[in-house]
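User: I have just opened this entry and would like a short tour. Could we begin with the strands?

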Amino acid sequence: MKILVPVKRVIDYNVKPRVKADGTGVDLANVKMSMNPFDEIAVEEAIRLREKGVATEIVAVSIGVQKCQETLRTALAMGADRAILVLTEDAVEPLAVAKILKAIADEEQPGLVILGKQAIDDDSNQTGQMLAALLGWGQGTFASKVEVAGDTVTVTREVDGGAETVTLKTPAIVTTDLRLNEPRYASLPNIMKAKSKPMATRAPADYGVDTTPRLTTSKVVEPAKRVAGIKVPDVDTLVAKLKDMGVAA
Amino acid sequence: MKTLVWVEHDGGAVKDATLSAVTAASQIGEVHLLVAGQGVDAVAQAAAQIAGVGKVHVADDAAYAHALAENVAPLVVDLMGHHDAFVLPATTNGKNIAPRVAALMDVTQISDILSVEGDGTFTRPIYAGNAIATVKSSDAKLVITVRGTAFAKAAVSGGTGTVEAVATGGDKGLSTFVGAEIASSDRPELTSAKIIVSGGRALGSEEKFHELIDPLADKLGAGVGASRAAVDAGYAPNDYQVGQTGKIVAPEVYVAVGISGAIQHLAGMKDSKVIVAINKDEDAPIFQVADIGLVGDLFTLVPELTAKL
């Protein structure tokens, strides 16, 4: 089967985001950007499924500015076969992303779409579920294990309190959780090879999707700062403090 | 405005996360509830007692037994014909269902709200809690998930809701529940615990984690949490994980033992009332948010602390 893997270019997870002084957003100028960590896990899982002989082709998709092609090249260097860049300067919300991905899925007819469970910039955790709804497919969210057998996929999901297993009819949607796998690094030869892999460039309008935002953000502020605490010299002082707070008897 | 609140339950009792969602919903409009599941009479009766609740819609069908989003979402969409907002706790169930409902209704979803600012405006965290955005939807109907720790819990009694059965849509045949492995614990549930003792990678092994963290937690009547590093290293099960990708907690006291304080971890606990940190590295970022810090070797300090409490 063919596997579609949407990937997002986001602020690198090691960078501490800074809120702009005018409250319009987070300052992304000259900040290191990378592939969303959950998406790396999605690409890795797709590659592992190909190595098991389940997947025949892996198509990576990214939606955003021209620089998203770097993110797609990373996916190609990891092992994806080809890429689609849906070029737009606008910030695209999860619902519009899901609509574009639906159109691509209609065209490509994948057996699975594997997405990250959330992007670490907007922290929405919506796109996979929305895509599943639009396609009318089953969804295996927060996956920590994925097994494909015939026309079903069995997904172990990380849920509050433990794990849960569901079986979905393919085609289906899977969203990855952190423990699904350890993504590989792209080797230098593979990075070189990735440069010659095909990458198509499209626009949201090609898919007839209106990316006008539904949400307006009126301001972005820093969270309330915690007041500086004290350091205590020993356990006795800590116990005394805890007793003052009524925590310890 | 009429709101419909998803009732999170375990088949027998209403979960605490629901109560925070009810408080958030009451700030938006009239509160109606949806109890979906199989054999959920007791849950529906309990839900009707929650303070401020109007109608309790009950969908009792085998198809809803495990809250599979594929089956539940169309049911909600039907009910949203006469509600203006769908409000869910930001639990794994809530996060699984809400976007599916929103997309079927062609509306956006607002994740993990921290406050209701009125007039369809909400605040929510972005960038792992490093920024708070104020957002307003232009859609006719709202679909919202609520961060439990940001809202007080509604009282579980004093309500006079009326229970009403709703037509069920049956199994959509897209997914099948196979089984669940739920970790059993006598300790308070993490997201509702008043005190949490959390261990990090510095504990070094699963044995040490239990040897040091468990007795301290028991002395304090606390829930036990862990950093992602501790979970990935296998010292603690993954449902212990506190952080951006794990559970978001805001207890009265959070004791971080051997946790350096990466931003992803802080995103899950920095709204705790009092943070206590025990770490041997005095430059660890955790000390920048800790109210009380103790620098030293946790292998001697933690047993000493446990003994002296």
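**The sheet and the contact between chains**

Analyst: In this predicted model, 10 strands form an open sheet of mixed pairing, in the order E11(A)-E5(A)-E4(A)-E1(A)-E6(A)-E10(A)-E7(A)-E8(A)-E9(A)-E11(B).

User: Which strands stand at the edges?

Analyst: Strand E11 (199-202) of chain A and E11 of chain B stand there; each has a single partner strand, so one side of each is left without a neighbour in the sheet. From one strand to the next, the twist averages 30°.

User: How do E9 of chain A and E11 of chain B run, parallel or antiparallel?

Analyst: Strand E9 (residues 162-169) of chain A and strand E11 (residues 175-182) of chain B run antiparallel and are joined by 7 bridges. Within this pairing, Val166(A) stands opposite Phe177(B).

User: And E4 with E5 in chain A?

Analyst: Strand E4 (residues 57-64) and strand E5 (residues 82-87) of chain A pair in the parallel sense, over 6 bridges. Val61(A) stands opposite Ile84(A) in E5(A).

User: Which helix of chain B packs on the sheet?

Analyst: Helix H4 (residues 92-104) of chain B does, touching strands E7 (138-149) and E8 (152-159) of chain A.

User: Changing topic, how many residues does the contact take from each chain?

Analyst: It takes 81 residues from chain B and 76 residues from chain A. The buried area is about 6,400 Å², with carbon and sulfur atoms giving 54% of it.

User: How many salt bridges are there between the chains?

Analyst: The count is 6 salt bridges. One of them links Arg179(A) with Asp232(B), whose closest N and O atoms are 3.0 Å apart. By class, the side of chain B that touches chain A has 40 nonpolar, 22 polar and 19 charged residues.

Technical notes: Residues numbered from 1 in each chain as written. Chains lettered and ligands numbered in written order. Predicted model: local features only at pLDDT ≥ 70, side-chain atom pairs only at ≥ 80, totals over all residues. Heavy atoms only, no water. Contact = heavy atoms within 4.5 Å. Buried area = accessible area lost by both parts, 1.4 Å probe. Salt bridge = Lys/Arg side-chain N within 4 Å of Asp/Glu carboxyl O. Nonpolar A, V, L, I, M, F, W, Y, C, P; charged D, E, K, R; others polar. Pairing = 2+ DSSP bridges. Helix = DSSP H or I, 4+ residues; strand = E, 2+ residues; numbered from the N terminus. Axes fitted to C-alpha atoms, helices over the stretch in contact; angles between N-to-C directions.
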